[in-house]
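This briefing concerns a ligand site and the domains around it. The sequence and structure are shown first, and the points are then grouped by topic.

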Amino acid sequence: MNNKLYLNKPQFEAELERCLNCASKPCMSACPVNCSPQEFIQHAKKGEYKEAVASICKNNPMGHTCGLICPDQFCMKACLRGKIDFPINIPLVQATLINKYREDMVDGNKQPTNGKKIAIVGAGPAGMAAAWKLIKLGYAVKLFEKSDKVGGALNLIPDYRLPYEVIEDDWRYINRIGKVLVEFNTQVDNPLDLLTKGFDGVIMAIGEQNIIGLGVDGEENVVPYADYLKNPDKFAGAKRVGIIGGGNVAADCAMTAKNLGANMVTVFVRRKIFDMKVTKKEMEELLNRQIDLMTTTRVCKVEKNAEKLDIYTCSTQPGERGYEDLPDSVVKRRGFDLIIKAIGSRAEKPIEHANIIYAGDCKIGGSTIVEAVASGVDAAKMLDAKIKGEQK
Ligand SMILES: Cc1cc2nc3c(=O)[nH]c(=O)nc-3n(C[C@H](O)[C@H](O)[C@H](O)COP(=O)(O)OP(=O)(O)OC[C@H]3O[C@@H](n4cnc5c(N)ncnc54)[C@H](O)[C@@H]3O)c2cc1C
Ligand code: SF4
């Protein structure tokens with residue numbers, strides 16, 4: 001693993017030392033998977049590293065990945081140490097512990113096989129977490145994934161933030177509890193077909209597959225974020241890059257363009273800077289890398305001009321229906337080599353059936369890894385309760 005991503009020994013020990021061991025455990029209450037930083041930090045402080053890792057993994061099979069990319073809006077926001085100076089970097093303590101001490105650990109807490117079969121569609125974090133929980137509950141699980149690897153949208157996160165081997169490490173941990181059968185390169189269009197093929201239940205964890213369009217003239221010249229992040233090297237020659245969107249996906253596109261040698265990267269954001277959906281760290285990185293943030297600005301047209309692209313923008317301000325265009329504010333900005341849209345995605349309409357349960361981003365909307373994991377685990381528990389209810 002890339003050691004630069006983790007805390008080194010002095011940093012790790014300093015973070016453990018700063019923890020206040022709060023009896024009220026606000027860090028745990030803020031965690032969507034109910035993991036207790038208070039508990040695992042106290043274990044680690046006493047040198048009980050295996051116990052610390054077991055404490056993390058009992059609630060979260062994706063603990064390594066979460067440790068590297070969990071945003072600062074959960075445990076860190078609640079951490080009481082933040083009232084004195086700054087919060088404990090809980091996710092990085094977690095990632096460092098798992099990276100060093102999980103090794104071949106197996107979660108022994110598994111119920112006997114119950115003879116029931118569950119299909120999971122989508123091998124992103126929600127599907128992976130659902131598989132883990134269902135295997136622990138004694139089910140045989142088969143995953144259907146339309147791409148050729150696990151991880152879902154996590155695979156679009158640039159390598160410098162999340163190397164694929166970290167996702168693989170969590171996947172190996174899940175498979176140590178019981179082998180998850182996976183059919184890659186298999187798209188499931190109708191989950192009802194799986195019920196007729198003998199599965200007792202289906203969990204749909206298909207994320208949000210439909211990228212939201214801008215609805216402006218010239219949109220055909222704009223590259224969707226997923227196409228860009230899947231293969232950024234294809235666009236490596238672009239020197240002047242425009243990104244449309246104000247969240248962490250837009251931030252990843254902007255940083256990737258900069259890393260690939262763009263000398264001018266401009267992010268167009270309809271909202272004010274305070275309303276951007278990026279973490280404090282992401283904002284610092286954008287500013288440190290001299291990426292232009294053009295806030296309260298909406299892209300209203302894109303035009304191809306010989307080999308270059310021009311962007312027309314208008315200014316916005318908060319109004320009764322969200323951010324509204326200011327009249328007579330259109331400005332033409334010339335000379336872009338590449339424009340990327342990253343304003344979000346939408347889920348398919350769900351198919352309703354008592355034994356089909358939706359989980360992750362396709363259920364709760366564009367979320368975070370830890371929320372997707374929590375949703376996958378919840379879906380597994382709901383399906384288990386449903387199937388046990390049928391048996392009575
Ligand atoms: C660029 C980017 C950066 C991000 N950064 C962060 C971050 O820093 N921190 C954070 O917490 N979150 C981040 N996220 C969000 C996080 O990745 C998602 O919230 C999470 O992956 C959602 O998990 P999911 O399992 O619900 O869906 P997904 O991860 O989207 O997985 C869905 C899976 O289903 C498969 N699938 C879809 N339809 C079918 C079908 N019909 N048949 C078979 N398979 C199908 C897909 O191929 C995919 O593998 C980021 C997302 C992106 C795109
Ligand atoms: S809130 Fe912060 S300081 Fe308190 S126990 Fe949790 S991690 Fe430690």
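**Ligand 1 and its setting**

Ligand 1 lies between domain 2 (117-209 + 347-391) and domain 3 (211-344), because both domains give residues to the shell around it. The model is predicted. The domain assignment of the protein also gives domain 1 (3-101).

**The shell around ligand 1**

- There are 34 residues around ligand 1, and those that come nearest are Glu145, Ala153, Arg161, Asp361 and Ile369.
- Sorted by class, the shell around ligand 1 holds 18 nonpolar, 11 polar and five charged residues.

- In the side chain of glutamate 145, an N or O atom is 2.7 Å from an oxygen atom of ligand 1.
- Arginine 161 places a polar side-chain atom 2.8 Å from an oxygen atom of ligand 1.
- With valine 188 the backbone is involved: one of its N or O atoms lies 2.9 Å from a nitrogen atom of ligand 1.
- The protein buries 94% of the 1,000 Å² that ligand 1 exposes when taken alone.
- Two or more residues of the shell around ligand 1 come from each of helix H8 (125-136), helix H12 (248-259) and helix H15 (369-391).
- Of these elements, H12 gives the most to the shell around ligand 1, with three residues.

**Domain 2 against domain 3**

- The centres of domain 2 and domain 3, taken over C-alpha atoms, are separated by 32 Å.
- Six residues from domain 2 and 10 residues from domain 3 take part in the contact.
- Between them, domain 2 and domain 3 bury about 640 Å², with 50% of it on carbon and sulfur atoms.
- On the domain 2 side, the residues that lose the most area to domain 3 are Leu156, Tyr160 and Arg161, which together account for 74% of what that side buries.

**Glycine 365**

- Glycine 365 is located in the loop between helix H14 (361-364) and H15.
- Leaving aside residues up to four places away in sequence, glycine 365 touches Glu208 and Gly360.
- Glycine 344 is 21 residues apart from glycine 365 along the chain, and 9.8 Å separate their C-alpha atoms.

Methods: Residues numbered from 1 in each chain as written. Chains lettered and ligands numbered in written order. Predicted model: local features only at pLDDT ≥ 70, side-chain atom pairs only at ≥ 80, totals over all residues. Heavy atoms only, no water. Near = heavy atom within 4 Å. Polar contact = N/O pair within 3.5 Å; in protein donor to acceptor, adjacent residues only side chain to side chain. Areas by Shrake-Rupley, 256 points an atom, 1.4 Å probe, with all protein chains shown as cover. Helix = DSSP H or I, 4+ residues; strand = E, 2+ residues; numbered from the N terminus. Nonpolar A, V, L, I, M, F, W, Y, C, P; charged D, E, K, R; others polar. Domains from an automatic or database assignment. Contact = heavy atoms within 4.5 Å. Buried area = accessible area lost by both parts, 1.4 Å probe.
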